[in-house]
Amino acid sequence: MKIDLTVNGRAVAEEVEPRTLLVEFLREQLRLTGTHVGCDTSQCGACVVMIDGKSVKSCTMLAVMADGCDVTTIEGLASGAELHPMQQAFMDNHGLQCGFCTPGMVMSGLDIVNRHGNEPDDATVRRELSGNICRCTGYQNIVKAIRAGARAMGE
Amino acid sequence: MYEFSYHRPASVAEAAELIANAADGKLVAGGQTLLPTMKHRLASPSDVIDLGGIAELSGIVVNGNIVTIGAMTTHAEVAASSEVREAIPALAALADNIGDPAVRNRGTLGGSIANNDPAADYPAAVIALGGTVRTNRREIAGEDFFTGMFETALEEDEIIVAVDFPRPEAASYMKFENPASRYAIVGVFVARTAAKPRAAVTGATACAHRAFRIEESLQAGFGSSALDGFEAPVDKMNSDIHASAEYRAHLVKIMAQRAVAACA
Ligand SMILES: Cc1cc2nc3c(=O)[nH]c(=O)nc-3n(C[C@H](O)[C@H](O)[C@H](O)COP(=O)(O)OP(=O)(O)OC[C@H]3O[C@@H](n4cnc5c(N)ncnc54)[C@H](O)[C@@H]3O)c2cc1C
Ligand code: FES
Ligand code: FES
């Protein structure tokens with residue numbers, strides 16, 4: 001089937017099989033490998049992308065369902081060499097170790113800012129991250145990074 | 001995942017025709033249950049009919065004392081709706097506590113009740129609030145809708161259009177959640193209505209059900225102490241790696257008491 005969508009601001013028209021998952025389409029067909037597959041069972045959040053401004057697990061959506069949508073992945077955040085404030089905050093606050101969960105954490109962080117503004121408290125960030133699993137960090141610095149990123153986005 | 005043909009109808013009538021003509025068709029709402037099931041090859045439909053393009057299935061309307069929520073309305077939309085928060089705050093809070101934000105952005109009311117997971121949250125609300133499930137063929141009383149584990153009163157190819165929720169005087173839902181999935185180990189929804197108290201339990205047995213004995217206890221007086229002598233039947237409770245039958249029976253009482261206290 002042919003789908004037309006916008007990915008990171010670029011118009012994309014591609015042929016996909018109906019059973020292609022959105023994450024497979026992004027990684028294997030568009031070669032945007034920043035979006036990760038941690039579990040493939042809708043639990044871990046490594047695959048979170050934004051569809052029309054809302055966070056979605058791209059392993060639990062068909063590519064054909066994104067026809068006509070505006071998709072943003074982790075690759076769509078930086079402007080050239082300059083990182084997005086949320087990405088910079090993860091770097092500054094040591095919000096990652098192996099980095100596998102990080103793309104999903106950053107996208108979920110942006111979703112938190114969209115809905116809770118620039119000053120989310122610790123409890124809000126932790127609750128909102130219930131669908132994002134990290135096996136390395138123990139979450140402390142992820143929470144710190146998202147709060148710092150949220151603040152920086154308001155400046 | 002096995003191959004299938006994908007359809008995206010623009011109306012309920014068109015969806016009904018597509019599913020009737022498919023060899024082994026399946027409706028998909030947000031895909032939050034169906035797609036994992038297909039990935040595990042536990043389902044292999046010939047045709048997937050996506051309800052996502054049908055505007056008439058989505059949205060929230062308040063008409064007098066009835067809150068009508070379209071089948072394709074997402075958990076996030078119900079949680080954020082000022083109408084639902086005003087009319088039935090317990091329902092908005094329930095939706096806000098399903099899974100995680102990304103699941104709430106895709107998962108729907110219709111998909112949740114059609115699936116009837118024994119630990120799902122919405123079925124308890126549909127039963128306790130005295131909701132009515134409207135399909136493309138008929139209306140089904142909420143308490144007659146959930147018939148067994150993953151089973152409902154829906155006939156083959158019947159499509160849920162919306163659920164009508166009457167506004168209660170007060171209501172509350174308390175769930176003891178599985179910390180990994182956020183599904184209910186036990187959840188109790190209680191509602192104080194002009195007619196009588198109503199209650200439903202989810203997570204504890206094969207599927208959500210009306211809790212007549214809790215209702216009887218509350219008839220004497222709508223307060224948590226009215227449930228002091230209540231005991232849930234251990235022999236009817238589920239027992240699994242998450243909780244034993246004894247523990248679930250205990251949780252039914254505690255969640256019911258907390259829900260009643262929260263209505264005050
Ligand atoms: C990580 C995770 C955590 C979750 N946690 C919770 C939780 O805490 N509590 C909870 O209650 N749920 C939870 N869920 C489930 C979630 O609530 C979904 O909404 C639910 O699984 C249904 O998904 P869906 O709406 O996308 O329906 P789909 O997966 O698209 O469909 C589910 C079933 O319903 C049928 N169907 C869909 N719409 C209709 C309709 N209009 N008419 C007739 N049949 C229809 C489909 O054919 C299919 O059989 C969780 C899910 C995930 C992935
Ligand atoms: S890969 Fe999608 S949630 Fe884990
Ligand atoms: S940094 Fe390794 S999984 Fe989160």
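This briefing walks through the domains, the ligand site and the interfaces of the structure above. It's a predicted model, where local features need pLDDT of at least 70, side-chain atom pairs count only at pLDDT 80 or more, and totals for chains, interfaces and linings use all residues. Residues are numbered from 1 along each chain as its sequence is written, chains are lettered from A and ligands numbered from 1 in the order in which they are written, and side-chain values use heavy atoms, leaving out hydrogens and water.

**Domains**

- Chain B is assigned domain 1 (5-53), domain 2 (55-166) and domain 3 (170-263); bounds like these come from an automatic or database domain assignment.
- Taken over C-alpha atoms, the centres of domain 1 and domain 3 of chain B are 34 Å apart.
- Chain A has domain 1 (2-73) and domain 2 (85-154), with 21 Å between their C-alpha centres.

**Around ligand 1**

- Ligand 1 is surrounded by 31 residues, where being near means having a heavy atom within 4 Å of the molecule.
- The closest are Leu27(B), Ala29(B), Thr33(B), Thr108(B) and Arg182(B).
- The site is shared between chains, because the residues around ligand 1 come from chains A and B.
- By type, the shell splits into 13 nonpolar, 13 polar and five charged residues (nonpolar: Ala, Val, Leu, Ile, Met, Phe, Trp, Tyr, Cys and Pro; charged: Asp, Glu, Lys and Arg; polar: the others, Gly among them).
- α7(B) gives the largest share of that shell, four residues (helices are DSSP runs of H or I with at least four residues, numbered from the N terminus).

**Atoms close to ligand 1**

- An oxygen atom of ligand 1 sits 2.7 Å from a backbone N or O atom of Leu34(B).
- For Tyr183(B), a side-chain N or O atom is 3.1 Å from a nitrogen atom of ligand 1.
- Of the 970 Å² of accessible area that ligand 1 has on its own, the protein covers 95% (areas come from the Shrake-Rupley method with a 1.4 Å probe).

**Where the parts meet**

- Tyr6(B), Lys39(B) and Arg106(B) supply 26% of what chain B buries against chain A, more than any other three residues.
- Inside chain A, domain 1 and domain 2 bury about 1000 Å² between them, 59% of it on carbon and sulfur atoms.
- His36(A), Val48(A) and Met50(A) supply 39% of the area that domain 1 of chain A buries there, more than any other three residues.

Conventions:
Polar contact = N/O pair within 3.5 Å; in protein donor to acceptor, adjacent residues only side chain to side chain. Helix = DSSP H or I, 4+ residues; strand = E, 2+ residues; numbered from the N terminus. Buried area = accessible area lost by both parts, 1.4 Å probe.
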